[in-house]
Amino acid sequence: MIVSKLATVHQECEAGKFGQRCDTVCHCAEGSSCHFYTGKCEGNCEPGWTGDYCENYVGLEALENCNTSVGELSVQSQTINSLTIHWQPTINACTDLTYNVKAYMASLDQCDSESVEFITPQQSNTTSTTMTVSNLKPYSTYVIYVKGVAADEKVGQEQFILAKTNQQEPNGTPTDVKVKSVNSDSITFDWDQPSCGQRHGEIISYTYTLTDSSNQVLQTGSTEDDAITFTGLESSAQYSFMVAADTSVGTGPYSELLQQDTQACIDGRYGKYCNGTCHCALGDSMCDPETGVCVTGGCDVQWYGEACQEPGTVSNAISTIDSTDSNTIEISWDPIADYPCPGLNYMVEYELISKDQCQLEADLARIRLADDINQSSARLTDLEFYSTYLVYIRAVHPTGNGQSAKIFVQTGESVPTLPPTHVAIDYDTTDSVRFLWDMPSCGDRNGDVSSYAYRLVNPDGNTTEDSIQDNMIIFSDLQVNSVYRFSTAAVTSVGRGPFSAPIEHHTPQIECPVGRFGPLCDNTCHCDLGDSVCDPMTGMCTEGGCDLHWNGDTCQEPDEISSVTATIDSTDSNTIEINWDPIADYPCPGLNYMVEYELINKDQCKLENDQSRIRLADDINQSSARLTGLEFYSTYLVYIRAIHSAGNGQPLLSVAQTGETAPTSSPTNVNIYDETNSSVTFTWNAPACGDRGGEILSYLYHLISLNGTKGGSTQDNIVTFKDLPPTSYSFFVAASTSSGRGPFSQAVMYTSYLDNEEEKMQNKLEEIQCTGGNDIPSDVTATSITTQSIEFTWNPPPCLLEYQAKPINYTYKLTSLVANVNVSSGETEDTKVTFHHLEPSTTFMFLVASTSPSEEGLKFAEPLMANTLANEPETPSNSHVAMKNQESLFVTWDSNADSHSKYMINYAILDMPYNLNFSSDSMSDMIRSRRQTSSIDSIEGTGYLLTDLLPSTKYEIQVSSTNQDGQSSMPDVFTAYTEPADHTYMLVPDPPIVVGGMDSNDTSVDIILPEVQSRFHTGYQLAVHRCDTSLPPGRLEFDSYYESPTAYVTAEFSKAAQNLPHIFTIGDDQTYSGFYNAPLQPGFMYFIYFGLVSQLNDTEAGYSWSPAAKVKILETVQDDKTLVTPLNLTDCQGLISILPANSSFLNGLMSNQVADSRLWFIITLCVACVLFLILIFILAVWLIKYSARKSDEGYATELLPPTERRGTIGRRSGEYTVTLPRPVPHLGSESIRQAWQ
C-alpha cells in the first residue's frame, strides 16, 4: 500500500499570526509583525517573552533580573596596526543588550608608556561578540575595554585585555652615530637605537657599510653591538660609514654618511697600513712614514734593501749530484747568521738553461719549490738529465725578502732514451759498405755520447757487436749476393741506449772468373781435370776428382796429418808435448794446424761424461804444440787437423796421458779395525778420486807416543801394531805415488794397558773417586804463537789435583809434521811450556800427559796441531822500468825478503794521452777498478816482463811481496810510459793533396789534408823538405825552421783542441803551436808530409808520416797561379833516402806525380838492398844470442809461461839479461786490435 503526503502550499497569515495553519500568535514588541512561517520577530520580543522566536514566556518580573556583564576577553588576531578582540556572550542578557568597546595605547614601541592615546573604534557599540580595532601603532601595547548596555540603559561591569601589535622594519635611522676612536690603521664607530616610535620592533642587529674616498665599498655586514672597529686601514686616508637598524621583519633606513680620516703612522712604523717596521741605523725618526726609507744613516745591522726590510744574501751555495738519482741535485748554502728576527726561511727557484747541453731554452720558466724551507739545503728532483739549470736562493721573511744568490748546476748523465738518427748508407762497393748516422735528437741523449755500439747481423744469422767512437763505420770483405742488417746505439758514461731500427744492405752478385768460386770469388778450384770443371758457386768438380794434396767435397781440405806422438814434459808432468809430421809439399801458403783436446778419464778413476773440447788459443804454423795446466795422471783425447783459409782437413785423434804428482789429500776413512790391551789394527782407503795424482804405490804411517815413534810403509791399506807399552798413541797415514808423498791424515787415538790394567784402574778410580777423562790434562791450548815460538798451556787433571799433595808431573813432546822429527820433549811441574827457535810457517803436533797416583802410566790429552806464523812480507824498493818498447815493460826491484817470499805485480792504465774520453780519476784507483787492473802473482826473482801492453800509454805499477801464508806487503808504486807509437801502430795517413794555385801566391801553396782514422796519435804535424838537401838515411826527422830551414815542421795541431783544418796553406808566414810556417822559396822543389804524432812528453814522441806530396815553386808567376810540375829525380838529391821501403807508400803517390822508368828501377834496387841488409842483421843477432846462451851457465828459466812467450828474461852473475819481444804492427796484437776497435 502506498501512502503519499502531499505538500500544502503555504499562504501568508494575517497580522499577528504565523504557522502552517496561521493559528500561532506572534509575540513581537509594539505589535510588529513576525515571519509567517517561523514566527521570528523583525524586532524585539514582547515584554515577558524571550527566545529566538519569542516563544518562551518568562513573565514581566524576569526583566528586572536580566544580566549585562561581559564574558572573558581574548585576542583573536593582530597585525602591525590592528587588533581583533573576542568575548563570551552574556548569560541571561537583558533585552536589547549591546556592547560598548573602547581602546587606549599603553606603550608606544614598547619604549614609551607615558604617551597614552585614546583610540575610538569605527563602531564602538555592537551586539556582536567580536570587534576589530584599527589604526594602531606597530609594536605597541593597547588596553581594550568591553561593557554591556541594556535598552533601559542598564550598564554591566566593564572587562579589559592587554594586546600588542606586530613588528615592522624600523622607519627611522640609528641616532647619535659618531667616531669613538681613531688611529693610523683603525677606526671605531658607535651609535644609539632609532628614536622611540621609529623602531617598530625589537632591534636585534645593525647593518653597516664602510667605503673609501672613492666610494668603493670596503666592508659591509651586521653586528649585534652598537659599536664596531675597522682595522687594517691605510694611514692618513678618508673613510665613510653608515648604519641601519634591523628588526626580525627587516632593515630600516641608513644613517647619513659619517666621514673620518685615519691618523699618520707613529715613529718606528711605516707604510700604507703602518705595518712596516723601520730599521734605521740612526733611529726610528729617520724612517719615512710612507716608504720606510731611512733618510740618513742607512740600515741597521742585518737589514738590507732600499727600505731596510730585506735579509742578507745567502753565500757559498754549492751543488752536488745525488749518488742514486743523477737527475736530482742537492743544493746547500751557508745560512744567514745572527738574524735578529724569528721566522727567517729560504726560497729556492730554478729554471732550465740548457737542455741536454745542446738546446738553449728561450722561454725560461722559473719553478719555485712548493714550500719555503727553514734549513740551509734543498733537493731539486725530476730534472732533465745532462742539463744546466740556474738556481736562485734567497732569504725570505715577513718583513721582506733578500737578494737572490745564483748558482749554475748540471745534472748527471743517464742512458740515451732514443737511438741515433739518420742512420744511412753513405757509399758501398762490391764487398764493402759505409754506414753514417747522427747523434740522438737533442733531449734524448741524456749525456755526452762518448761512443756508439753497433750490431751487424751477417747472412748466416751470426751477429757482430762492438763499439766505435766515430759516427761512421766501414765493413769490408762482405759476401756478395747477401743481406746485412746494421743498427747502432748511443753510449754515455752511464750505459747504452736503444738500438736503431735495422737498415739493410744488399751486396751485389758477381761472376767468378775460371778457377775461382764462392760468393766473393775468393776460393780457388782444385780439380785434377782443370779449373773448367769447377762449379763457380760450390767449387765441386763436376768431372774427375780433387787435385793432389786436396780433399773434401769441394777439394778445399788439406791432407790428414800423420804420425802423432805425445810425450810428458820433463819438468811439468801435467804438460803434454804433441808432435806430428807436417803435411809435405802443400801447394798453398798459409797452412796452419788446429789442436783441440778433451778430458776422458780423470785421475784414472773417473770417466768424464761431459766431454767439453778445449781449443788452443792460437792456431800454430809448426808441427808441435804444448798442452799445459792439465789434470795429473789423467787421459786426454787430442784432435789435430790442418787448417787453411780454403778449408780444414780431417782431424787425427791421439790419446795422451799426463804424468803423476804427489797426492793432494790424505787417505780417507782412517779407523781402528781391531784392538786389544796391547795391540791395534788400523785400516784406511785411498785418497778421493781426483786427489791421488797418480798410482798409489804405498802408504807411509806413524804411530807416535811419548815413548817414541813407530813408522813404516806398506802397499796395503791395513797395518797392525803389537806388544805396545801402556800409553796413548796417535796414528797418522799418508799416500805416496812415484812423484812423492801426500799430506798425512788426522790423528786417530789409541790407548794400550796391561792385562789387569782395566781392573786396577777401576779400583783406583773408585778409591780416588775419579771419573773417565778427569785423570788427563784438559783444555790444551796454544796461547801464544809467533814466527819462531809457540806457547802451550793446559789445566791439571781434576782428580789428580785433589788426590796428590805434591805437584803433578807432566811429560810433553813436540813433533814437526813437515820434517817428521821430534823437535823437543821433556818434563815439567808447570802447566805451560814454550818452544823457541822453530821454523816459520810450519805445522807442529804437541802431546802432554800426566802421571797417575799409582804410577800406572801416562794419561795423554788429545794431540794439538799448531802452525808457526810466516815472516812478515817486506815492501820491495827501487821499483822501476829497466827496459821497454811499445808493448812491453821490464820491471825490476830490490828486496831484502827471505828466500820463501814471492812477488806480485798489479798494473793498470793511468793515462791515455791519445784518448780524449779517458778520465784518470776513473782509472787511478787500482783497488776499486779491478776491471781495469791486471794482476800477476807467484813471481820468483826480482824482475818481470809485462807484455801485451798498449803503446803511448801511462801505467801505474805496484810491486809487493807475499809470504807463505799469502800475506802481502805494502806495494812499491811507480808509473811508467810504454814507448810512443810509430807507423806500425798508427795507420800511415794518406798524403796531402796539392791544390794548384788556388788562393795562393808564388811562395805559398794550398793543400787538402786527409781524413785520419788512426787511434794512438795525440796531434798532427805538417813538414816541408826542400829536396835539394838530404834527410837521415831510412827515416824522416824534422826540426823547427830556425834549426833546419830546409827540412822542418811547419805547423802542429792538437788532437784535443780539434783544430785541424781541412785546407791548409803552406808558407803563409804564420806560426802554429810554436812552429814557423815559412814562405817557400821560388825555384825549388819541395816534399810536403802530413804526420801523426804520439807525444808523451817533451822528449818522447812517435811519428807516422804520409808519403810525400811534391810541388815545385817556379821562378816566375803565370796568371797569378803557382804552377805544379811533376818531380824528376834529376831535380833533387836524397829522394831515395826518405821514401819508405813499403809498397803501400809507393802506391800512395798522387796521380799527378808521375815517375819515369828510372824511378822504378832505383826503387826496386833499393828495396832489394834493404831486404838483404835485414837478412844479414837477423842472422848476426841469432848467432850472438846462440853463443851467449851456450856460455850462460846461470841462465834462469823463462818467467812467462809457454803460452805467453812474448819475451825472455835470463839471469847471469847476479844480473838480468832481457830480450824484449819485438813489437808487432797494430793488427798483429789482440790487445792493440781491441784498443783500435
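Me: How many aromatic pairs does the count come to by the ring-centre rule?
Reply: This is a predicted model, in which local features need pLDDT of at least 70, side-chain atom pairs count only at pLDDT 80 or more, and totals for chains, interfaces and linings use all residues. Residues are numbered from 1 along each chain as its sequence is written, and side-chain values use heavy atoms, with hydrogens and water left out. Rings of Phe, Tyr and Trp (its six-membered ring) pair if their centres lie within 6.5 Å, and planes under 30 degrees apart count as stacked, over 60 as edge-to-face and the rest as tilted. By this rule the count of aromatic pairs comes to 51.

Me: What kind of aromatic pair do Tyr208 and Phe230 form?
Reply: Tyr208 has a relative accessible area of 7% and Phe230 has 1%, so both count as buried (under 20% relative accessible area, with exposed over 50% and partly exposed in between, for a 1.4 Å probe and protein chains only). Their rings lie 5.6 Å apart, centre to centre, with 70° between the planes, and the pair is edge-to-face.

Me: Is Tyr1041 buried, partly exposed or exposed?
Reply: The rings of Tyr1041 and Tyr1048 have their centres 4.9 Å apart and their planes at 85°, so this pair is edge-to-face. Tyr1048 counts as buried at 2% relative accessibility, whereas Tyr1041, with a relative accessible area of 22%, is partly exposed.

Me: Which residue lies over the face of Tyr392?
Reply: A charge sits over a ring if NZ of Lys or CZ of Arg is within 6 Å of the ring centre and within 35 degrees of the ring normal. At 3.6 Å from the ring centre of Tyr392, the residue over the face is Arg366.
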